[in-house]
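Subject: Structure handover

Dear colleague,

Please find the structure below. My notes on it follow.

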Protein chains: 2
Amino acid sequence: MHPLPDSYSTGAEARRAIRAGRLRGDTSSVATGHVQANLAIVPQRWAPDFLTYCMRNPKPCPLLGVSEPGQVTLAAVAADLDLRRDVPGYRVWRDGELEREVDDLLALWQPDWVTFAIGCSFSFEQALIAHGIGVRNIEQQVNVSMYVTNIPTEAAGPFGGPLVVTMRPMLPADAIRAVQITSRFPKVHGAPVHIGDPGRIGIRDLARPDFGDAVEIREGELPVFWACGVTPQMAIRQARLPLCVTHIPGHMLVTDLLNSELEFQ
Amino acid sequence: MHPLPDSYSTGAEARRAIRAGRLRGDTSSVATGHVQANLAIVPQRWAPDFLTYCMRNPKPCPLLGVSEPGQVTLAAVAADLDLRRDVPGYRVWRDGELEREVDDLLALWQPDWVTFAIGCSFSFEQALIAHGIGVRNIEQQVNVSMYVTNIPTEAAGPFGGPLVVTMRPMLPADAIRAVQITSRFPKVHGAPVHIGDPGRIGIRDLARPDFGDAVEIREGELPVFWACGVTPQMAIRQARLPLCVTHIPGHMLVTDLLNSELEFQ
């Protein structure tokens with residue numbers, strides 16, 4: 001975790017700071033109120049299959065924008081944007097394996113790369129908090145708990161694999177309210193996919209998440225599970241593309257969109 | 001249970017048949033698509049307190065209409081309506097005790113009676129089924145399971161007491177969808193009040209409901225609990241009014257309103 005100053009009030013400010021190397025690490029407290037996005041960059045040859053994969057799995061992969069091949073801009077999510085430099089950490093994948101993490105893509109950028117911006121639960125966490133519902137991972141200042149489930153996604157070309165979920169424990173009345181609130185935000189995973197028994201979706205032990213950190217689950221609380229933007233990273237790994245790029249989890253693309261703009265979209 | 005022919009396509013038709021004595025008993029299959037209402041008739045002296053009780057407890061007591069004192073009409077819910085004869089069964093309460101059940105109120109009617117029409121879960125059950133979600137009590141052709149909880153309602157004057165809930169067992173994904181669907185219908189109890197552990201709201205044994213019938217709960221299903229229109233009957237009993245009237249549970253006032261009209265109201 002690299003806590004960052006909450007001194008960037010807009011996405012544009014945050015991106016300029018990242019581009020200049022003044023801002024690195026986790027973006028969870030950056031430009032509050034602005035939509036942050038998961039990133040997937042794949043060669044044009046596989047872009048139609050990946051697009052189809054996202055369309056077939058809208059809960060884990062809600063698309064906010066898709067770039068033109070080779071373009072480092074993505075007007076659907078941000079005006080002044082350089083996709084090679086404006087994300088505070090990139091993962092480079094070769095043949096389905098993580099090769100390395102880099103600060104920018106200036107040396108790596110390919111003319112056939114297509115960039116996908118995918119909604120992130122940061123947006124609905126802010127909505128939950130605004131409605132007075134505690135979000136345990138934020139209260140405990142850790143990453144959200146993520147689990148690989150036994151729920152298959154619908155495959156497209158080489159892309160497929162299991163659904164990944166995030167989990168937030170809540171009292172039942174808050175879980176009901178959370179269904180209502182997150183239902184309004186289909187572009188950032190929408191309503192939960194499961195409530196209650198983790199075993200039913202193939203999760204053996206909530207105390208041992210596959211990604212992120214474990215959080216405390218208190219007396220009377222139900223685990224509430226949402227589709228997670230790490231799902232497409234699993235699909236990209238499974239596809240074993242010769243070369244592709246994602247963001248480092250938690251190191252998101254900060255956009256110009258407002259979370260409130262996504263309501264009912 | 002007195003199954004009735006589903007041969008009344010409008011509320012007006014159903015009410016005319018009831019008024020003529022051709023239709024008696026449970027109204028669950030009558031005038032499908034039309035709102036059915038719980039009924040509470042109290043003397044004018046207690047009407048302000050009962051109105052306040054309903055306003056303070058909108059989930060169990062969502063008001064569809066309130067009559068003028070002594071009037072046997074209630075234009076907010078139905079055009080051609082005689083409140084003394086158009087409900088297929090009335091309960092007469094004296095000093096908080098059930099005195100008897102009657103077919104009409106022609107002999108009993110008082111010039112100071114105020115009638116309250118309160119939303120009923122029949123409306124949202126139809127919405128659930130329309131969205132492909134099974135409603136176990138309908139599938140098993142029994143009354144819905146009702147339980148007295150340890151959740152207090154907010155009192156007003158002599159009216160108070162515990163919240164009564166209905167329970168429908170559902171797989172978690174259906175429970176999430178049911179929260180979404182019933183949230184759209186605040187006038188018929190809206191979203192659930194609880195999901196999961198019955199003990200947490202004071203219910204000892206789901207197999208032994210306080211009213212209605214037990215239903216099968218299958219592997220992997222969660223009990224989902226909604227506020228229930230029997231709650232105001234409990235409040236009326238607790239108030240020990242010298243004389244008041246309700247409908248017989250399941251023997252509802254069939255209105256002219258369409259269930260679809262109540263969406264988002």
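A residue counts as exposed when its relative accessible area is over 50%, and as buried when that value is under 20%. This is a predicted model, and what follows was computed from it.

On that scale Met55(A) is exposed, because its relative accessibility is 58%. Met55(A) belongs to helix α2 of chain A, which covers residues 47-56.

Now the interface. On the side of chain B, 16 residues are in contact with chain A, and 16 residues of chain A take part in return. The two chains bury about 1200 Å² between them. Carbon and sulfur atoms account for 69% of that area.

As for polar interactions, two residue pairs are in polar contact across the interface of chain B and chain A, both at pLDDT 80 or more. The rule finds zero salt bridges between chain B and chain A.

Which elements of chain B give two or more residues to the side that touches chain A? They are α5 (172-183) and β8 (194-195). The most comes from α5(B), with six residues.

Regards

Note on methods. Residues numbered from 1 in each chain as written. Chains lettered and ligands numbered in written order. Predicted model: local features only at pLDDT ≥ 70, side-chain atom pairs only at ≥ 80, totals over all residues. Heavy atoms only, no water. Helix = DSSP H or I, 4+ residues; strand = E, 2+ residues; numbered from the N terminus. Buried < 20%, exposed > 50% of the residue type's maximum accessible area, 1.4 Å probe, protein only. Contact = heavy atoms within 4.5 Å. Buried area = accessible area lost by both parts, 1.4 Å probe. Salt bridge = Lys/Arg side-chain N within 4 Å of Asp/Glu carboxyl O. Polar contact = N/O pair within 3.5 Å; in protein donor to acceptor, adjacent residues only side chain to side chain.
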